[in-house]
Amino acid sequence: MSNKIIELKNLSFVYHNKNIIDNISADFYRSEISAIVGSNGTGKSTLCFNIIGLLRPTSGEIHFNGKKIVYKKNYLDKIRKQIGFVMQNPDTQIFCSYVKQEIAFSLANLNLDKAEIDVKTDKALDLLEILHLKNLPAHYLSYGEKKCVAIASAIAMDHELLILDEPTEFLDLYHKSLVLNILDDLKKKGTSIIISTNNYDFACKYSDNVLHIE
Ligand SMILES: Nc1ncnc2c1ncn2[C@@H]1O[C@H](COP(=O)(O)OP(=O)(O)OP(=O)(O)O)[C@@H](O)[C@H]1O
Ligand SMILES: [Mg+2]
């Protein structure tokens with residue numbers, strides 16, 4: 001098996017006649033932390049949406065595990081079980097009324113029984129040190145707390161590839177460091193990770209390779 005988990009091949013994406021992603025080719029590697037770095041509005045979130053299949057490239061291709069991503073529902077449903085995605089804005093991501101439901105909802109799609117779902121839910125919340133939020137309505141939470149819930153929800157799924165759009169946005173210093181340590185541990189266990197960030201120094205310090213877009 002190739003060591004490339006994601007390959008961008010001459011990828012372009014146009015929003016209303018505006019070229020947001022312009023003919024990018026790049027590779028992201030298995031069991032590494034890769035960073036997509038660029039200033040505000042350079043298309044980092046748009047690129048993440050293309051990889052996860054929420055947006056369809058205008059031209060070019062994206063390959064996942066050596067196979068071209070086909071932008072059809074059945075195929076996308078399948079790869080979304082293998083690729084976790086944490087959106088930049090947790091309000092866009094979180095849709096369940098309660099924190100515990102938010103984590104358990106995705107796990108229920110894996111055909112796990114209730115006891116397993118409960119264990120994995122608690123484990124993910126504990127990892128992010130937010131077990132105390134478990135029974136709260138999601139709309140009670142601060143932005144930083146919501147971001148932690150979104151990250152816990154993705155991590156609970158044990159995906160082989162995790163894409164996190166601005167994973168430390170809204171987080172205090174303690175939780176930034178906690179999340180980065182968690183991502184590092186996941187990498188050591190074999191998870192492939194792609195993060196987006198507007199902070200070049202941060203990208204260089206915490207990732208194994210950097211894709212700079214402008
Ligand atoms: N739905 C949309 N319709 C038209 N243009 C859009 C849409 N969404 C985003 N854009 C434009 O695409 C460009 C890239 O946006 P994107 O959100 O991908 O940037 P980003 O690099 O993630 O920025 P940030 O650092 O602020 O998160 C921006 O100029 C934005 O205005
Ligand atoms: Mg963005």
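Visitor: Does Gln 88 count as buried, partly exposed or exposed?
Guide: This is a predicted model, in which local features need pLDDT of at least 70 and side-chain atom pairs count only at pLDDT 80 or more, while totals for chains, interfaces and linings use all residues. Residues are numbered from 1 along each chain as its sequence is written, chains are lettered from A and ligands numbered from 1 in the order in which they are written, and side-chain values use heavy atoms, without hydrogens and water. By relative accessible area, buried means under 20%, exposed over 50% and partly exposed in between, with a 1.4 Å probe and protein chains only. Because its relative accessibility is 26%, Gln 88 counts as partly exposed.

Visitor: Which residues coordinate the magnesium ion, ligand 2?
Guide: Donors are N, O and S atoms within 2.8 Å of the metal (3.2 Å for Na, K and Ca); water is not among the atoms, so sites may look incomplete. At 2.1 Å, the magnesium ion is coordinated by OG of Ser 45 and OE1 of Gln 88.

Visitor: How many residues apart are Ser 45 and Gln 88?
Guide: Helices (H or I, at least four residues) and strands (E, at least two) are DSSP runs, numbered from the N terminus. Ser 45 belongs to helix α1, whereas Gln 88 is in the loop between β6 (83-86) and α3 (90-93). The pair thus links distant parts of the chain, and the separation is 43 residues.

Visitor: At what distance does a polar side-chain atom of Ser 45 lie from an oxygen atom of ligand 1?
Guide: A polar contact to the ligand is a pair of N or O atoms within 3.5 Å. A backbone N or O atom of Thr 42 is 3.2 Å from an oxygen atom of ligand 1. For the polar side-chain atom of Ser 45, the distance to a ligand 1 oxygen is 2.9 Å.

Visitor: Which element gives the most residues to the shell around ligand 1?
Guide: Two elements give two or more residues to this shell, namely β2 (18-29) and α1 (44-52). With 3 residues, the element that gives the most is α1.

Visitor: What is the geometry of the aromatic pair of Phe 95 and Phe 105?
Guide: Rings of Phe, Tyr and Trp (its six-membered ring) pair if their centres lie within 6.5 Å; planes under 30 degrees apart count as stacked, over 60 as edge-to-face and the rest as tilted. The rings of Phe 95 and Phe 105 are 5.0 Å apart centre to centre, with 85° between the planes. Their geometry is edge-to-face.

Visitor: How many residues apart in sequence are the parts that this pair ties together?
Guide: Phe 95 lies in the loop between α3 and α4 (99-108), and Phe 105 lies in helix α4. The pair therefore ties together parts whose separation in sequence is 10 residues.

Terms used: Polar contact = N/O pair within 3.5 Å; in protein donor to acceptor, adjacent residues only side chain to side chain.
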